[in-house]
Every structure is written in C-alpha cells, then in structure tokens.
Amino acid sequence: MSSTMRETSRLAEASINGIVRRMVNLPRSILGGFSRVMGGGRRSQTLPSSYQYQILEQDVQNVPEEWSFLTSFEYQYGSMHPFFYACRFAEAMKIAEDDHKFLFLYLHSPDHPFTPSFCEETLRSELVVQFLDANFISWGALANRGDGLQMATTLGATNYPFCAVIAPARGESITVLQQLEGPVSPAELVEILQRTMEDQGSAFGCSKLKRDEKIRADRRLREEQDRAYHAALQEDKERERLKNRPRAIPKKAHEERLKQNSPNKDPASKAKDSQPSSQILIRFPNGERREKSFSSMDKVKSIYSYIDSLGLPGTENYRLIASFPRRVYGMDEMNMTLKDAGLHPRASLFLERQ
C-alpha cells in the first residue's frame with residue numbers, strides 16, 4: 001500500500017474513532033453572503049436557459065459560479081450524484097439550518113489524480129447518494145473558484161478529494177464536525193458520516209432543537225387557545241341567534257342539503273372530493289422548493305403537469321426522484337395514482353436533469 005493510501009486509511013480510522021470538531025471563522029466574502037441571506041431570505045439562482053445543461057468543455061468556466069461545480073461534474077461523470085444545491089455557501093448553510101440538518105461539503109479538484117476514482121466509485125454510488133439525500137444538505141464547489149476557493153483556504157485543504165461535515169455556529173463562525181482528505185470507499189464514507197451524526201447530532205443539535213421545539217409548542221398552544229376562544233364565542237352567538245329567531249322551517253338550509261345530495265352532481269367529482277389529499281414537496285436544483293396538495297387519486301403525471309405549468313428555467317428535460325429509498329418516477333409511473341405510487345399522504349421529490 002502506498003504512503004498516500006496508508007495516510008488516507010489512517011485518517012478514515014481516526015475519523016471513525018475520534019470525531020473531529022473545531023470552530024472556524026469565515027472570511028468576509030462568505031460573511032457577506034450570510035448577511036444577504038439573513039436579511040433577505042433565500043435567493044434563488046437559476047442557470048440561464050441558453051445553456052440547456054449541454055455545455056462544451058471550453059464553456060465550463062463561463063457558467064455562473066453557483067452552477068460551475070455541477071456543470072463540471074456532470075460534464076465528466078453524468079447526472080447520477082447526490083442532490084447538490086446550486087447556490088452560494090451561505091445559502092446552503094441557511095437551508096441546512098432551516099431543515100435541522102448538517103451540511104455535507106465537497107470541494108472538487110477536477111485535475112487531481114484521486115478525483116476520477118472518488119467521483120465514479122464513491123460519489124456516484126447508490127449507497128452514498130441515498131444516504132446523503134436522506135440525511136444531509138449537500139453542497140459542492142470547485143476548489144479553485146469563488147466560494148470553493150475561499151472554503152478550501154479557510155478549512156486548510158491540502159489534499160483532494162476534500163469532504164467535510166459542517167454545522168452552523170453563533171456569530172461569524174461555523175463548526176467543522178468532520179473532515180476527510182483523499183480517496184475513501186462508499187462504505188467507509190457512509191460509516192464515517194453515520195458515526196458523525198450519531199456522536200455529534202444529539203450533543204450539538206439538542207439545545208437548538210429543544211429551543212425550536214419550545215417555540216413551536218408555545219405557538220401551537222397560543223393557536224389552540226385562540227381557536228378555542230373563537231369557537232366558544234361563535235357558539236355563544238349561534239345560541240343567541242337561535243334563541244331569538246322566529247320558529248320557521250329552515251327552507252334555505254333544506255335546499256342546500258338537497259343540492260349537495262342531488263344525483264346530478266358528477267359522481268367522479270364527488271368521489272375525488274372525498275379522497276384524502278397528498279402533500280408533495282418538490283425541490284428544484286437551484287434550492288427553491290414548492291409544496292402542492294393533490295388528491296391521492298391524482299396520477300403521477302399531474303405532478304409533472306404542475307411543474308411544467310410553473311415555466312421555471314431548467315425544467316425542460318427532467319425526471320422526478322424520491323430520495324430514500326431512491327425511486328425514479330418516470331414514464332412507466334405516469335398513470336399510477338399517488339397512493340399506489342407510495343406518495344400518499346406526504347412525499348418529498350426532487351428534479352434530476354436528464
């Protein structure tokens with residue numbers, strides 16, 4: 001075994017047995033991104049439609065920074081990879097914080113000799129793709145450009161491939177929970193990430209999750225109290241109205257009931273109205289998310305029709321993917337109902353370009 005591989009094996013073993021954890025101060029250029037995100041919410045970045053995701057090698061450097069990594073990666077290795085958010089680092093951290101997940105950071109060095117094998121065998125592995133999509137917010141960048149270069153310098157990357165598990169921290173810092181340099185197999189990577197989640201997740205996120213849960217619990221309590229108050233008030237008003245109303249046949253109410261039970265109503269519409277709804281969360285490659293309610297008897301093609309109706313850039317040629325377990329909803333599933341397709345009562349899908 002070469003000295004490099006021995007060192008990589010040593011680092012992997014150290015990562016499993018002794019979790020890395022250190023605070024890192026962010027450079028001003030990254031902090032500027034945090035200010036924009038915190039002040040103005042998420043900023044969606046979409047690739048201009050003129051690129052159409054089919055870019056010649058000499059044009060890779062001309063795409064917007066947020067898309068440079070995905071463009072370079074997919075040009076060389078194809079579209080099978082974890083769901084990397086195409087946005088600035090600050091925006092990815094905000095998404096991870098909102099979703100209460102750690103951020104998986106990957107710095108891509110296309111010309112490094114270890115990069116091809118890592119991308120082909122590890123990042124494109126179905127095991128790694130499913131695990132990352134289910135448990136992390138993934139963000140990648142070119143190590144020699146923009147935010148990727150800034151993070152490589154900040155984290156002291158000396159070897160590639162470079163991966164890190166990051167959590168938000170107070171002030172102008174982030175917490176690096178895990179750092180890997182050099183090639184690693186799919187099984188080793190998943191084991192390291194799983195151990196990091198187990199050892200750091202409860203300790204690091206416990207206080208924040210408890211605080212957030214308390215806020216949500218207080219909000220729910222206030223909402224329930226408000227609903228109970230308004231319901232009691234409405235009942236008092238209704239009793240008073242009935243008490244003072246002259247006794248008469250409630251003709252209008254009777255007519256309304258007859259209309260609702262009329263056999264002229266379309267049976268298919270009545271059946272569809274009686275079906276429970278399915279909540280579908282759709283994630284787009286630029287980080288934007290849309291949630292839509294469908295009937296559980298709607299077909300999978302209804303989701304495609306909804307996405308197409310939005311007219312968003314980058315949705316010309318795609319397919320829908322469920323994260324974990326990974327499942328493709330393509331042409332063969334178009335006429336399946338959402339219930340039969342396993343998308344009821346709630347599901348999360350993301351767009352994968354073809």
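Is Ala167 buried or exposed? Ala167 is buried, at a relative accessible area of 0%. Buried here means under 20% relative accessible area, exposed over 50%, partly exposed in between, with a 1.4 Å probe and protein chains only.

A word on the source. This is a predicted model, where local features need pLDDT of at least 70, side-chain atom pairs count only at pLDDT 80 or more, and totals for chains, interfaces and linings use all residues. Residues are numbered from 1 along each chain as its sequence is written, and side-chain values use heavy atoms, with hydrogens and water left out.

Back to Ala167. Ala167 sits in strand S4, residues 162-168. Gln200 is 33 residues away from Ala167 in sequence, and 9.9 Å away C-alpha to C-alpha.

Now the whole chain. There are 11 helices and 10 strands. Those are DSSP runs numbered from the N terminus: helices are H or I with at least four residues, strands are E with at least two. Of the 354 residues, 42% are buried. Take contacts, meaning heavy atoms within 4.5 Å. Among those between residues at least 6 apart in sequence, 69% join residues at least 24 apart.

Next, cavities. A cavity is a set of points on a 1 Å grid over the protein atoms alone, where a 1.4 Å probe fits but cannot get out; lining residues have an atom within 4 Å of a point. Points are joined across faces, edges and corners, and the volume is the space filled by probe spheres set on them. The count is five cavities of 30 Å³ or more.

Where does the largest cavity lie? Domain 1 (63-241) and domain 2 (277-353) both give residues to its lining, so the largest cavity lies between them. Those bounds come from an automatic or database domain assignment. Its lining includes His81, Phe83, Pro285 and Arg353. Helix H3 (65-77) and strand S10 (346-353) are the elements giving two or more residues. S10 has the largest share, four residues. By type, the lining has seven nonpolar, two polar and three charged residues. Nonpolar is Ala, Val, Leu, Ile, Met, Phe, Trp, Tyr, Cys and Pro; charged is Asp, Glu, Lys and Arg; the others, Gly among them, are polar.

The second largest cavity holds about 100 Å³. It has 16 lining residues, with Glu65, Glu66, Trp139, Gly140 and Ala141 nearest its centre. H3, strand S3 (136-142) and helix H7 (146-155) each supply at least two. This lining divides into eight nonpolar, three polar and five charged.

How values were computed:
1 Å grid on protein atoms, 1.4 Å probe; cavity = no way out; pocket = protein on both sides within 12 Å on 5 of 7 lines; lining within 4 Å.
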